[in-house]
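Good morning, and thank you for coming.

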Amino acid sequence: MERLVIIGNGIAGITTALEVRARDPRVRITVISSESKYHYSRPALMYIFMGHLKFRDTMPYPPTFWEKKKIELVHGYVEEIDSSDQKVRLASGTAFSYDKLVLATGSKSNTFGWPGEDLTGVLGLYNLQDLEKLEQLVPNASSAVIVGGGLIGIELGEMLHSRGIHVTFLIRECSYWNSVLPDEESQMINHVIRAENMEIVPSSLLAEILPDSTGRVRAIVTEDGREISCQIVGLTPGVHPNKTLAQAASIPTHKGILVNQYLETRIPNIYACGDCAEIQNEVEGSSRVESIWYTGKFQGETLARNLTGERVTYDPGIFYNSAKFLDLEYQVYGTVQKQNPDDTHYYWCSKNGLHSLRLVERGGALIGVNLMGIRYRHRTCEEWIKQKLSVKEVLPLLGEANFDPEFSKRFEPEIVAAFAEELR
Amino acid sequence: MSLVQIHSSNPKSRHATTTLFRIGTYIGLLLFFASLCPRLYEFFQSVAPSYLPLLLTFGLTTLSAIGWIASLYTGTTPGIKHNGTQTQGISSRGIGAWILGVLITAFYVYLYFYQDLTAAGFLPLFAPWIDIVDPLARLLANAPADQWFLYGSLYTSAILIMGIRMLYRYRHNRYHILRTLSVMFCQLGLAFLLPAFLRKLQQPEFYFTYFWPLKYDYLFPDSAHSLIQSGGVGVFMFFWGAVMALIATPVLTYFFGKRWYCSWVCGCGGLAETAGDPFRHLSSKSERAWILERWLIHSILVIIILITVLLWANEYAGRSLLGGWTYSAKSLYGLYIGAIFSGVIGVGFYPLLGSRVWCRFGCPMAAILGIFQRCFSRFRITVNGGQCISCGNCSTYCEMGIDVKAYAQRGENIVRASCVGCGVCAAVCPRGVLALENGPVKIGRFSGSDKGALRILKDSVLTRRIYEA
């Protein structure tokens, strides 16, 4: 390989570039992005808006780093991929030829063809451009409705709330992020949202967004006819793979850009990783799209190894994720499914309702750990799950996993006492 | 499920209270500055009892400022709220920051060169201010106030007022509550009230929270002689200074890292952690700043060690070794490092260069503690697995300019000489990835956090007992 071109400078694309460079000092690497020249941390978007950080603070590597690593950064929009000539062409007319091409084009915000979804004042939260739009909207807004809960919804809610805008969440489930979280944790989030004087309208679907006379958002209407006035509508009902470019180049896609376990598309010398990829497992006949930060990083690593002479399949290992709902921290290790008859749940919640631990056992082995307001060590939890320890075996070890700040109240004695009671 | 209900009081009435306290603070400050006008002050003195100016300036400002802070935080939920830090002028090098910087710098220049300036015909500008705190000095120390007592009063008020702000700001985090209470206590009790009380008892002036080489003269021959000659208390003071500097410092740093001093005890650190908190993100994170830091701080350490050694050598040689040269080295160090660097630049430039300029680039005590911390200490900042999202909050809010995320995103622990262990990186991390820990020196000090090698909890025993029952 002489020349590697990567489209997209998010975490997946950049990890690929850095890991390839670490293995091959000679290959020419070009990373093209239409969003920004420099890689920044997408999960930090909210902190730029809230004034915690400046844009440059969110860059994981300083601008000089890229010269040192000899990685060429191009700020431009790829208009076309010519897979027979092995070339990509930018809107500016510049063309880059490649030996290997990586598509790391990320996601797009979901929309469902709602009437009024193109009005001024309607937006998602995905990239820097969304942030600019939001900055323009905020001075003339006093209230906002966020449609669809989830991890991006809560971020957008916190952002708007920090600027004194009244926020209402319109959610499909009866409780926040209840499609993923078990009832108790989900209700805990409802409480912290309401404690900040934000509103949740549960079990509601968006029917329509209403304009004022100037074409700006005036209100939304729910499917059951309720009208809520607002000047900003945040659409955050999830994201879907951005496969536009791949489709135009006749690279096979389904939900996302189809790749095998080695992250190869069906077209020779073209690969995909991160949010945009749909990874197929031919043996199991299954496929998956993963759109979280950590898996983007893993996929980038796997792909880099495959690009530099190894042949490894993508193995995300034991699942983990973490997030923050306003001031409430959330961590999950392994599998925590809401309703699976095979699973036994052990759940403990502190008296003030702001700290909880859930252990999930299947077939006598721990398979998942869910934490709210308590931090546990990643490697320790992973080890328990890998070693298939039972909850009974894990209990005496709980204290070792605690990662809370020094002098924090330790809940383990209470938790252990409660679970030991249940186990008896 | 019972949940703590966070009552948000009526925003309008809260706003009114905030405004009231804010006006009180401004009036107190205005009176304080207005008193610099001698005619006005003389008039005031002629009509009011002597302690009234103190109450109307220090008293009113302190109480209103505390009320202002309290009303700002009432009704907010506990948690990290850095909203607007990088967009508001005062904390992001706006015009307000420049004005504040110039004012503090001017104050320090005047303070350190007060005698010279007044001798050179400048107005004795501080005279009314010294007068204002005079009743307090007489009460505490049974002595008239001087410019240093004025400085001590201002310094202590700043730490107390802004310390209360820190307590509100980090009320969800016991580490920050305890270390803030600790610096507030050390400053008020050990660095303000106790020295005044010692003066009242006609004992030598001594600060139990400062040690050589930060308080460089505590191990100089002159101080040693005068302390020891002054009798029992003085002898204790000299040995306290020597033992803390030479024995306690390495031992405590081995167990806890340099934080035991820099962000729990030290007065310079105390000011940086309280009054300097709004400016902590202004520290430069560049590699050039890091290189400059290492050169400067270690050079200053070498210089002060050399001066100390020379002074003692000179002493044993019957003060004949270098003649007046050692004396001038000592006074030059006092002028350029002690006064100009630590005071004028160190504090005056808070709003422009961040709160730890002196601690990072100048303090020889920090240099020694840093060497111990880097090479022989159980302290490290541990990174939790692969959870870093590279958001940059940790690096941004590191007052020492450490690029924390550069380590965190690689899953490496942070073991850096300059880290003062303030713990803010761990507090601002939105994914709870960082933890300050004291663990075994040999196991996993530099690599990321692994199995509970570090914090084996007491409750393991308790757990087993529950089990066996």
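I start with a loop in chain B: B:Pro213 lies between helix 8 (174–200) and helix 9 (221–229) of that chain. Helices here are DSSP runs of H or I of at least four residues, strands are runs of E of at least two, and both are numbered from the N terminus. The peptide bond leading from B:Trp212 into B:Pro213 is cis, with omega near 5°.

A word on conventions. This is a predicted model, in which local features need pLDDT of at least 70 and side-chain atom pairs count only at pLDDT 80 or more, while totals for chains, interfaces and linings use all residues. Residues are numbered from 1 along each chain as its sequence is written, chains are lettered from A and ligands numbered from 1 in the order in which they are written, and side-chain values use heavy atoms, with hydrogens and water left out.

A:Lys70 has a positive phi of about 50°, although it is not a glycine. A:Lys70 is found in the loop between helix 3 (63–68) and strand 3 (71–75) of chain A. Most residues other than glycine have a negative phi, and most peptide bonds are trans.

Returning to chain B, its secondary structure comes to 21 helices and two strands. The radius of gyration of chain B, taken over C-alpha atoms, is 24 Å, close to the 23 Å given for 469 residues by the globule rule (2.2 Å times the number of residues to the power 0.38), so chain B is as compact as a globular protein of that length.

How do helix 3 and helix 7 of chain B lie to each other? The axes of helix 3 (residues 52–73) and helix 7 (residues 147–169) of chain B, which are lines fitted to C-alpha atoms over the stretch in contact, come within 9 Å and cross at roughly 15°. The two helices are therefore roughly parallel, a term for angles under 35 degrees. Residues in contact, meaning heavy atoms within 4.5 Å, include B:Phe58 and B:Ile66 in helix 3 and B:Leu154 and B:Ile161 in helix 7 of chain B.

A second pair is helix 10 (residues 232–256) and helix 17 (residues 364–375) of chain B, whose axes come within 9 Å and cross at roughly 45°.

Notes:
Axes fitted to C-alpha atoms, helices over the stretch in contact; angles between N-to-C directions. Parallel < 35°, antiparallel > 145°, perpendicular 65-115°, else oblique.
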